[in-house]
Amino acid sequence: MIFGFGMPTRGPVAQPDAIKKVLSFAEDVGFGYVSVADHIVIPSKIDPVYPYSDTGEPPFPADGECLEQLTLMSYMAAITKNMRILSSVMVVPHRNPIHAAKTIATIDVLSNGRVTIGCGAGWMEEEFLAIGTEPFKERGKVTDEYIAIFKELWTSENPTFEGKYNSFSDVKFEPKPVQRPHPPLWIGGESPAAKRRAVRLGDGWFPIGANPNFPLNTAAKYIDGLSSLKQLSAEYNRDPEELDLGFWSNWDHEVKDRKTLQDGKRHIMTGGTQAITDDIGVLSEAGVEIFMFQLAKPTSVEETLESIERFVQSILTKF
Amino acid sequence: MKFGFQVMLRGVASSGDGLASIARSGEKFGFDIIAPNDHLIVPKGIDSTYPYTDDGIWPGASVVECHDQLTSMAFIAGHTDNIRILASVMVVPYREPVLTAKIIATADLLSKGRIILGCGVGWMSEEMEAIGTEPFEERGKVTDEYIKVFKELWTAKKPRYEGDYVKFSEILFKPLPIQKPHPPVWIGGESKAALRRVARLGDGWFPAANNPKFTISTPNDLATRLDLLKTVCEEEDRNFDELDIGFFFTGGVSSKERRSADGDRQLLTGQPSDIAADINKFNDAGLGTLICIFQRPELGETLEQMEWFGKEVIPLVRGI
């Protein structure tokens, strides 16, 4: 198994010296992944429909501070040697697909093949409107088309595409990514639609445990979710073994007594070192290879380093 | 005088090691600026006229490799400490403006305030079509509007914009760029329309030498064009003295003296003292920043050329 954590895109840890310090330490102590979230502009008024908190309120600062995801990932590629750099997740409709494909290929080549693209369809309509994307309600179709465009550009000798949102022909797209056929595309999301997308288009499934609409907040629920993924694979003639499995615990794992809303059970990846180690064991047994944790403390570099150190001592070294 | 070198994001600069090596070496050899170019996708058949050759054909067409410019600038920022990073030039219509403003602010923060935004309107309609930009014929208006959008997002307390191409309100934009009020915006292009854009929207002018319609081969050529810029500034009520003046010298820079057909030594070739004298004449004509090309098919040769210029020529100009 491989461990990783998310880096904040705001505050004192999202500064160049801090990023260098944290990632250099993380590489030394054995983390395999670092991830970056995707926001471009945050509107001042948002409908509280954030899928990953029980209240729908997103964990944003009131001032909307955020660094741009792919730019930060490229910077991280420059300052790391071995860690993989994961978009967690890239909101696919946010960016023109030709621009995004080129940006990702650039990061892949410059990093010597260390980028993984977690993909999502997005949830914040106000952000879509501010950026000027295709219509929010078509975000599923847009995501599917953009992913098809990425693959065409990344793999075809003479890329050609005719779609609802973009068309091109008679172009060359070089250099191809270092990773072949292309950087892995991990589909985020916990709904049946997301699983279907993972099976049809993805190289991996990368859900978050904390979606109250489709909770994967106990090991048992994750195992159920995984078996429905495998059923879908059969329907779509996709070998489920081909899919990378990652699990994103984007909450404070050091909480001792968190219970799930749905059934009052211990929330996965909380409740002490032994409990977490057991959860990792169960998921790993089921095929999960990559475990992402919320280790960074956005208000303090020192606390972030300490948090990473604690995780290494209590959990990472056990595996 | 400031000195920089252009990087074509292909060939020797295509690998991470190659690009890092070029960037770090440039910093080590005393250059002030590294200046990567901008292409997103290379069409196979290009009918558009390339403005920078006599025959209108783009020499890059057969090469086809390109990395994304802004992504590469962030990568360069991670590998360097002091050298400034100049988009040379960013084709403004290529990228969505709100995203681009965010990318540049991010790069400015990560580089600790080293970004210079060279801006161009573009020339290749086929590339714009493939990307799906606003119409090629409107690229001037698009560029003007996008630059205004950048500045609004970078400087307004409560950014809002309503234009022909872009509309937003009630959004939060943070962090702001490190540089205040924002990274310098250098307008590329040599036409009068470009000069007007400099006066209206730019912090600097950044022409290239080899536009056959407005060739700038000599210090005199530059001085003449600067006179026109001064006039345009007066018309636009803009203080000419506020403007940075850059220049992309596209000719060969070489320690081997070259002679032109009429027997004169070609500028920027020959002994370091001769080259320094050439540069001083450009400086006298009003030049502030000189960008040259040292990139060769081999990395070793590229670095050698850069080292020679950085160690033998630049100190002479600076009187070190």
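I began with chain B, in which a closed barrel of eight strands runs in the order 1-2-4-5-9-10-11-12, with parallel pairing. Strands (E, at least two residues) and helices (H or I, at least four) are DSSP runs, numbered from the N terminus. Two strands count as paired if DSSP finds at least two bridges between them.

I recorded the conventions next. This is a predicted model, in which local features need pLDDT of at least 70 and side-chain atom pairs count only at pLDDT 80 or more, while totals for chains, interfaces and linings use all residues. Residues are numbered from 1 along each chain as its sequence is written, and chains are lettered from A and ligands numbered from 1 in the order in which they are written.

I looked up strand 9 (residues 185–188) of chain B, which pairs with strand 10 of chain B in the parallel sense over three bridges. Here B:Ile187 stands opposite B:Trp205 of strand 10. Strand 10 (residues 204–206) is also joined to strand 11 of chain B by two bridges, again in parallel. In that pair B:Trp205 stands opposite B:Ile245.

Strand 10, helix 7 (residues 219–235) and strand 11 of chain B make a right-handed β-α-β unit. A crossover is right-handed if, with the strands pointing away from the viewer, the path from the first strand over the helix to the second runs clockwise. The chain then crosses from strand 11 through helix 8 (residues 272–285) to strand 12 of chain B, and this β-α-β crossover is right-handed. Three bridges join strand 11 to strand 12 (residues 289–293) of chain B, and these run parallel. B:Gly246 has B:Thr289 as its bridge partner in strand 12.

Why is strand 11 of chain B largely enclosed by the rest of the structure? I found that four of the five residues of this strand (residues 244–248) are buried. A residue is buried if 20 or more other C-beta atoms, placed from the backbone, lie within 10 Å of its own, exposed if 12 or fewer, and partly exposed in between.

**Chain A**

Chain A also has eight strands that close into a barrel, in the order 1-2-4-5-9-10-11-12 with parallel pairing. Its strand 9 (residues 185–188) is joined to strand 10 by three bridges and runs parallel to it. A:Ile187 stands opposite A:Trp205 in strand 10.

I then checked A:Asp203, in the loop between helix 6 (192–201) and strand 10 (204–206) of chain A. A:Asp203 counts as partly exposed because it has 18 C-beta neighbours inside 10 Å.

**Between the chains**

How many residues of chain B are in contact with chain A? I noted 44 residues of chain B in contact with 43 residues of chain A; contact requires C-beta atoms, placed from the backbone, within 7 Å. Elements giving two or more residues to this side of chain B include helix 1 (16–28) and helix 3 (97–110). Two bridges join strand 8 (residues 171–172) of chain A to strand 3 of chain B, and the two run antiparallel. A:Val171 has B:Pro43 as its bridge partner in strand 3 of chain B.

Technical notes: Two residues are in contact if their C-beta atoms, placed from the backbone, lie within 7 Å.
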